[in-house]
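Please show the structure to be discussed. Some questions and answers will follow it.

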Amino acid sequence: VQLQASGGGLVQPGGSLRLSCAASGTFTNIYNMGWHRQAPGKQRELVARVTSGGSINYADSVKGRFTASRDNTENTVYLKMDSLTPEDTATYYCNAILWVDRQGLRDYWGQGTLVTVSS
């Protein structure tokens, strides 16, 4: 199983970016999919999580600015980030909870994609 993230980059304050993360490989079901981020010198924190039923949880710091969504037919989760500030600068990691045959419930992480907000 692999999670392939893309969409990071350099953006000016107030700008927007869209991240995507696709799960591939052999698995039976995907439960939660979401995004965490880690800024230099800080702990990794949850940004947004989308359940298999479509419920979405956001960190308080991104509510109203970020929009998470998922496409279950493509096994992909997205993060649309608007009104970006320098405080959003971090490496963003996608995460998925999957059911894998003969292994059970597993927690997978993507490789991380860097988002830099700077003028």
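Predicted model: local features only at pLDDT ≥ 70, side-chain atom pairs only at ≥ 80, totals over all residues.

Reader: Which residues of strand β11 are on its covered face?
Author: Strands are DSSP runs (E, at least two residues), numbered from the N terminus. In a regular strand the side chains alternate between the two faces of the sheet. Strand β11 spans residues 113–117, and its uncovered face has L114 and T116. The covered face has T113, V115 and V117.

Reader: Is T113 buried or exposed?
Author: Buried means under 20% relative accessible area, exposed over 50%, and partly exposed in between (1.4 Å probe, protein chains only). T113 touches A5, S6, G7, G8, L19, A90, T91 and Y92, not counting residues up to four places away in sequence; contact means heavy atoms within 4.5 Å. With a relative accessible area of 10%, T113 is buried.

Reader: Which residues make the nonpolar surface patch?
Author: A patch is made of residues with over 30% relative accessible area and no salt bridge; like charges are joined within 9 Å, and nonpolar side chains (Val, Leu, Ile, Met, Phe, Trp, Tyr) within 5 Å. Areas come from the Shrake-Rupley method with a 1.4 Å probe, and for residues only the protein chains shown count as cover. W99, in strand β9 (residues 90–100), is partly exposed at 37%. The patch, of about 290 Å², is made by Y31, W99 and L105.

Reader: What is the phi of R102, roughly?
Author: R102 is found in the loop between β9 and β10 (104–109). At 87% relative accessibility, R102 counts as exposed. R102 is not a glycine, yet its phi is positive, near 70 degrees.

Reader: What is the phi of N75, roughly?
Author: N75 lies in the loop between β7 (66–71) and β8 (76–81). N75 is partly exposed, with a relative accessible area of 26%. Although N75 is not a glycine, its phi is positive, about 50 degrees.

Reader: How many residues apart in sequence are the parts tied together by D88 and R37?
Author: A salt bridge is a side-chain nitrogen of Lys or Arg within 4 Å of a carboxyl oxygen of Asp or Glu. The side chains of D88 and R37 form one, at 2.9 Å from N to O. D88 lies in the loop between β8 and β9 and R37 in strand β4 (residues 29–38), so the pair ties together parts whose separation in sequence is 51 residues.

Reader: Which residues are linked in a network of salt bridges?
Author: The structure holds 5 salt bridges. One of them joins K80 and D82 at 2.8 Å, N to O. D88 and R37 are both buried. The network links R37, E45, R65 and D88.

How values were computed. Residues numbered from 1 in each chain as written. Heavy atoms only, no water. Helix = DSSP H or I, 4+ residues; strand = E, 2+ residues; numbered from the N terminus.
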